[in-house]
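Keep the 3D view open and follow along, one topic at a time.

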Amino acid sequence: MPGNGLWRTKSVEQSIADTDDPDTRLRRTLSTWDLTVFGVAVVIGAGIFTLTARTAGDLAGPSTSLAFVFAAIACALAALCYAEFASTVPVAGSAYTFSYATFGEFMAWIIGWDLILELAVGSAAVAKGWSVYLNTVLGYVVGFDPAATTATVVKIAGFAVDWGALLLVVTLAMLLGIGTKLSSRVSMVITGIKVAIVLFVIVLGLFFVKAANYTPFVPAARPPSDGSGGGVEQSLFSLIAGSEGSAFGGFGLLAAASLVFFAFIGFDIVATTAEETVNPQRSVPRGILGSLAIVTVLYVAVSLVLVGMVSYQELATTVKPDGTEDKKTLATAFALNDVDWAAQVISVGALAGLTTVVMVLMLGQIRVIYAMSRDGLMPRGLAHTGSRGTPARATTAVAALVAIAATFFEADKLEEMVNVGTLFAFILVSAGVIVLRRTRPDLPRAFRVPWVPLVPLLAIGACLWLMLNLTVLTWLRFGIWMAIGVVVYFVYSRRNSVLGKREPVAK
């Protein structure tokens, strides 16, 4: 039953009923396989090709594989909670929709605003990474030195314009506008290519593994090599504990787990497609848990091979004479073993991998804005679906937002902003399972989280722990973004809420 003001809730029955509105109805075309592909497509990308090497060289050393395991455990606990919610409330919007049914409108808005940060910043950051790899691949094809030339960035009227990122975002927006099923088919092909390349990297890398490179598995703590890691650049937990930095040692491992969590971001997007799934009660839980299991195995295998091929010290970020940072990647390990041709294969795989990451992140962003618009918390026109059964206006709005961010702004050091937003969403979803079990025990649940409330509480604890190991600066930026969201809610969203307008009629 709706409550008053900030805490009015939207019933599960009402959320499901709203999916039948002819003007905003989505087409149900997705299967379990489609959802699993989406999950793998969005998770395998920047993390496996770039983040793994940097984390080993700068934070955790050989124990990077353990950092991936820690992050995967936190994700798995949260995934169980997502699976129950998605099978109970098969509606677009994911954590936003779940929060509306449990914590009320204000918290739903907060989590929706939070998801906008997660998905928009994530899309822009990965699109920038895609452009970098495009530059590298063009260097192989055309013959110029990609280290000395940046073909995908041009100067126009004094502004640095990243046309590579712009091209990607526009192309993917057109694809998403045509239909979700077509997007799934394209994603399936590209995902098959990049998984094959990842397996190739693992098998080839095994021939260059040296046991000595795994020792010490957890290197002794020391100040970061670049002199950072203090003040607002260190993790919140290390600041509270009185440590001076977060490089290597126990604090480094914990900080690494929080950072590589970025590599897992995206499996929750599977839940945003519940409204477009033929049998969401069965397919969504399987898609979420299946994709998470696949990518965890691949991440751990790649990280073990990587640190076995070269000493972790050779993967540390260094500063070039011109003052720019030289960040190592997966290709670095092969280059150091004189297998330069493998670096070219990896670059092609990264290009393919990042393509699907951006596409599925944009898909999730579009569905969240669509759901918020349908509820009136954003302009209602964005929820309109055209003849193709996709929210064309929301797609255009998201494409414009991501294109501007990726084309004109630097996306460096944004991974942690995405992490804090995602972890916050995971905490609310996990807590929501406990709340909905108590308030609506009668609801049919095709998938049930085992050992409630223990598993949700463990998920909350794991996510809080990872959040504490993000930098103080990340927390400050997150607080500012949330403050802006509160202002927007009271100025616009609360006044235009569809649920709020229904209340007087129901009294």
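The side chains of Thr 356 and Lys 194 are joined by a polar contact of 2.6 Å. This is a predicted model, so take each distance here as computed from predicted coordinates. Thr 356 sits in helix H13, which covers residues 340–374.

**Around Thr 356**

- Thr 356 counts as buried because its relative accessibility is 1%, and the cut-off for buried is under 20%.
- The side chain of Thr 356 also has a polar atom 2.9 Å from the backbone oxygen of Ala 41.
- Leaving aside residues up to four places away in sequence, Thr 356 touches Ala 41, Val 42, Ser 187, Ile 190, Thr 191 and Lys 194.

**Helix H2**

- Ala 41 and Val 42, both touched by Thr 356, are among the buried residues of H2.
- H2 is mostly covered, with 11 of its 12 residues buried.
- Besides Ala 41 and Val 42, that buried set includes Thr 32, Asp 34, Leu 35 and Phe 38.
- What do the buried residues of H2 pack against? They pack against helix H8 (180–206), H10, H11 and H13.
- The length of H2 checks out too: at 1.5 Å a residue its 12 residues should span 16 Å, and the end C-alpha atoms are 17 Å apart, which agrees.

**Around Thr 19**

- Thr 19 is in the loop that runs between helix H1 (12–17) and helix H2 (32–43).
- Buried or exposed? Thr 19 counts as buried, because its relative accessibility is 8%.
- A polar atom of the Thr 19 side chain lies 2.5 Å from the backbone oxygen of Ile 16.
- If you skip residues up to four places away in sequence, Thr 19 touches Arg 25, Val 91, Glu 275 and Arg 374.
- Two of those neighbours, Glu 275 and Arg 374, also pair with each other: their side chains meet in a salt bridge, 2.9 Å from N to O.
- Glu 275 lies in the loop between helix H10 (249–264) and helix H11 (280–309) while Arg 374 lies in helix H13, so this pair ties together parts that are 99 residues apart in sequence.
- Both Glu 275 and Arg 374 are buried.

**Other salt bridges**

- Side chains of opposite charge can pair when their charged atoms come close.
- How many salt bridges does a search of the whole structure find? It finds 11.
- One of them is between Arg 8 and Glu 105, where the closest N and O atoms are 2.8 Å apart.
- Arg 8 is in the segment before H1 and Glu 105 is in helix H6 (residues 105–142), so the pair ties together parts that are 97 residues apart in sequence.
- Arg 8 and Glu 105 are both buried.
- Glu 84 forms a salt bridge with Arg 445, and here the closest N and O atoms are 3.2 Å apart.
- That pair links distant parts of the chain, 361 residues apart: Glu 84 is in helix H4 (residues 64–88), and Arg 445 is in the loop between helix H15 (415–439) and helix H16 (454–468).
- Glu 84 is buried because its relative accessible area is 3%, and Arg 445 is buried because its relative accessible area is 10%.
- Lys 10, Asp 18 and Asp 375 are linked in a network of salt bridges.

- Val 154, Ile 156, Trp 163 and Leu 167 make a nonpolar surface patch of about 340 Å².
- Strand S1 (153–156) and helix H7 (163–178) each supply at least two residues of this patch.
- Ile 156 lies in strand S1. With a relative accessible area of 47%, Ile 156 is partly exposed, because exposed needs over 50%.

**The chain as a whole**

- The secondary structure comes to 18 helices and 4 strands.
- Of the 507 residues in the chain, 60% are buried.
- Among contacts between residues at least 6 apart in sequence, 82% join residues at least 24 apart.
- The chain has an accessible surface of about 19,400 Å², and 68% of that belongs to carbon and sulfur atoms.

Definitions and conventions. Residues are numbered from 1 along each chain as its sequence is written. This is a predicted model: local features need pLDDT of at least 70, side-chain atom pairs count only at pLDDT 80 or more; totals for chains, interfaces and linings use all residues. Side-chain values use heavy atoms; hydrogens and water are left out. Buried means under 20% relative accessible area, exposed over 50%, partly exposed in between (1.4 Å probe, protein chains only). A polar contact is a pair of N or O atoms within 3.5 Å; within protein, one must be able to donate a hydrogen and the other to accept it, and residues adjacent in sequence count only if both atoms are side-chain atoms. Contact means heavy atoms within 4.5 Å. A salt bridge is a side-chain nitrogen of Lys or Arg within 4 Å of a carboxyl oxygen of Asp or Glu. Accessible areas come from the Shrake-Rupley method with a 1.4 Å probe; for residues, only the protein chains shown count as cover. Patches are made of residues with over 30% relative accessible area and no salt bridge: like charges are joined within 9 Å, nonpolar side chains (Val, Leu, Ile, Met, Phe, Trp, Tyr) within 5 Å. The expected span of a helix is 1.5 Å times one less than its number of residues.
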